[in-house]
Amino acid sequence: MLNGYIPANRFLPFLSWTDIAALPNKENTVIVLPTGAIEQHGPHLPCAVDSVISSGVVGHALARLPTSIPAFAIPPITYGKSDEHLHFPGTLTLTGETLLHTILEIGESIYRAGFRKFLMVNGHGGQPQPLQMAARELRLRHGDMIIIMQDTFKVPNCAESFMDDKERQMAMHAGHAETALMLALAPETVQMEKAVSNYPPEFPCPTLSSTKPMAAWVSYDFGPSGVIGDPLPSTPEQGAAILDSLAESWAKVITEVHEMQWITREAPAWGKAHWHGKVLDHNDAASLLKQ
């Protein structure tokens with residue numbers, strides 16, 4: 001089904017338009033968008049890793065929420081800005097501009113429907129910038145909207161407890177944590193017999209960084225496998241623990257976003273009529289259906 005890892009009762013597209021129009025307290029209902037990518041993740045993992053992980057974590061987080069917390073996921077963005085991996089077949093990439101405008105259009109649709117809290121959970125490290133730019137522009141357009149973008153792993157979790165120092169410092173792609181999570185979420189897609197370890201060289205500008213590269217890079221710069229890290233020690237049990245800790249933290253985030261109040265600004269920075277256009281509310285829907 002379209003919802004994938006998302007519980008059916010927490011998947012907004014499974015509601016009718018009249019159901020959505022009738023939702024109470026929409027201004028404090030959290031709309032969650034998982035963002036991922038389709039890109040190479042070494043010879044042992046599928047190209048869908050980032051999309052699977054962001055959707056899987058969001059789904060498990062929503063499943064933990066009590067019914068008193070209004071929150072829904074919308075379909076994930078499974079294509080991302082993945083041009084750093086385009087040397088490898090299977091990578092499907094959008095431009096940063098396309099991704100930015102996609103988020104803006106989705107955000108406007110959410111706003112028109114009456115929702116004011118929009119949370120993006122991003123599973124791909126190559127695209128925070130266009131997502132952040134879209135979030136800032138939406139905030140400029142709508143001073144009563146809260147838009148939050150954060151990467152999947154940037155909440156408390158136990159992933160680093162399973163790693164050695166080198167993996168914590170140097171891993172960036174298809175390493176220990178991603179492999180363990182895939183063993184928990186989609187084990188049938190993992191081919192551990194093909195897993196290899198590969199790290200980039202230490203960056204020769206220690207004032208900026210003595211570990212991860214600070215210069216622009218593409219994954220093929222570090223070798224033909226596409227791996228940047230060590231997936232070999234990963235186990236399904238570690239993946240289950242990481243998933244549990246991430247889901248617990250994201251459930252707390254969703255709850256806090258539902259409860260939070262934030263600065264509101266009445267005057268838009270700029271605008272077009274359709275950004276502020278009226279959509280049918282519950283009373284409109286009820287009157288129309290009686291006709």
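How many bridges join strand β3 to strand β4, and do they run parallel or antiparallel? I looked this up before anything else, keeping in mind that the model is predicted. Six bridges join β3 (residues 117–122) to β4 (residues 146–151), and the two strands run parallel.

I wrote down the order of the open sheet as β2-β1-β3-β4, four strands with parallel pairing. β2 (71–73) and β4 are the edge strands, each pairing on one side only. From one strand to the next, the twist averages 20 degrees.

**Helices on the sheet**

Helix α4 (residues 128–141) forms a β-α-β unit with β3 and β4, and the unit is right-handed. I also checked where α4 lies: across β1, β3 and β4, at about 170 degrees to β4. Helix α2 lies across β1, β2 and β3, and runs at about 155 degrees to β1.

**I146**

Which residues does I146 touch, leaving aside neighbours within four places in sequence? I listed R116, K117, F118, M260 and W262. I also looked up a distance to A247, which is 101 residues away from I146 along the chain. The C-alpha atoms of I146 and A247 are separated by 22 Å.

**α2 against α6**

Next I turned to a helix pair. The axes of α2 (residues 49–64) and α6 (residues 176–185) come within 10 Å of each other and cross at roughly 60 degrees. The crossing is left-handed. On the α2 side I listed V49, D50, V52, I53, G56 and H60; on the α6 side they meet E178, L181, M182 and L185. By type, the residues of this contact divide into six nonpolar, two polar and two charged.

**How enclosed is α6?**

I asked how many of the 10 residues of α6 are buried. Nine of them are, so α6 is largely enclosed by the rest of the structure. The buried residues are H176, A177, E178, T179, A180, L181, M182, L183 and L185. They pack against α2, α5 (165–170) and α7 (236–259).

**Two positive phi angles**

Last, I looked at two backbone angles. N25 is not a glycine, yet has a positive phi of about 55 degrees. N25 lies in the loop between α1 (17–21) and β1. At 34% relative accessibility, N25 counts as partly exposed. A174 is likewise a residue other than glycine with a positive phi, near 65 degrees. A174 is placed in the loop between α5 and α6. Is A174 buried or exposed? I recorded A174 as buried because its relative accessible area is 0%.

Methods:
Residues are numbered from 1 along each chain as its sequence is written. This is a predicted model: local features need pLDDT of at least 70, side-chain atom pairs count only at pLDDT 80 or more; totals for chains, interfaces and linings use all residues. Side-chain values use heavy atoms; hydrogens and water are left out. Axes are lines fitted to C-alpha atoms, for helices over the stretch in contact, and angles run from 0 to 180 degrees between N-to-C directions. A crossing is left-handed if the near helix is turned anticlockwise from the far one by less than a right angle, and right-handed if clockwise. Contact means heavy atoms within 4.5 Å. Ala, Val, Leu, Ile, Met, Phe, Trp, Tyr, Cys and Pro count as nonpolar, Asp, Glu, Lys and Arg as charged, and the others, Gly among them, as polar. Two strands pair if DSSP finds at least two bridges between them. A crossover is right-handed if, with the strands pointing away from the viewer, the path from the first strand over the helix to the second runs clockwise. Buried means under 20% relative accessible area, exposed over 50%, partly exposed in between (1.4 Å probe, protein chains only).
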